[in-house]
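Work through the exercises below with the sequence and the model at hand. Try each task before reading its solution.

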Amino acid sequence: LCTDRAIVRVMAITTARDQPDPGVYPVYAEDLRTTSWTGGHTSILDRFVAFTRGKYEGARIGFHAVPHLRDGTLLQPLETVGTQALFGASSGCIRVRPADAVAVWDHLAVGDEVHVIS
């Protein structure tokens, strides 16, 4: 996370391989909790900060905590966030650990810019 071009927090992320495209996007929505239907089940996405839509299905893309099922089971072990082992495991969003999701949620507001660089 950056403020006035200065890094204020570095965090591990898990992303998709091919989206979102590099560019500058405005944050357009924040949901404390939302859901997604992928992989044959409903995933719960906490602290969702949306900034674009997917280029394949048009689904919202944003930052959020590692998804979990209704019973609390994580869909990705927290220790694997940021590792090459699960690079591409996301459908497009930027998954972060729960504490980092709180930091992103507190840092960004609707209208703020998100810069995707790769």
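**Exercise 1.** Find the residues in contact with H68, leaving aside its neighbours within four places in sequence.

Solution. Contact means heavy atoms within 4.5 Å. Under that rule, H68 touches R33, T42, S43, I44, D46, T73, L74 and L75. The model is predicted: local features need pLDDT of at least 70, side-chain atom pairs count only at pLDDT 80 or more, and totals for chains, interfaces and linings use all residues. Residues are numbered from 1 along each chain as its sequence is written, and side-chain values use heavy atoms, with hydrogens and water left out.

**Exercise 2.** Is H68 buried or exposed, and which side chain does its own side chain meet in a polar contact?

Solution. First, locate H68: the loop between β6 (60-65) and β7 (94-96) holds this residue. Strands (E, at least two residues) and helices (H or I, at least four) are DSSP runs, numbered from the N terminus. Next, take the relative accessible area of H68, which is 12%. Buried means under 20%, exposed over 50%, and partly exposed in between (1.4 Å probe, protein chains only). H68 is therefore buried. Last, the side chain of D46 makes a polar contact with that of H68, at 2.9 Å. Such a contact is a pair of N or O atoms within 3.5 Å; within protein, one must be able to donate a hydrogen and the other to accept it, and residues adjacent in sequence count only if both atoms are side-chain atoms.

**Exercise 3.** Which strands stand at the edges of the open sheet?

Solution. The order of the 4 strands is β4-β5-β6-β7, with mixed pairing. Two strands pair if DSSP finds at least two bridges between them. β4 (29-38) and β7 are at the edges, because each has a single partner strand.
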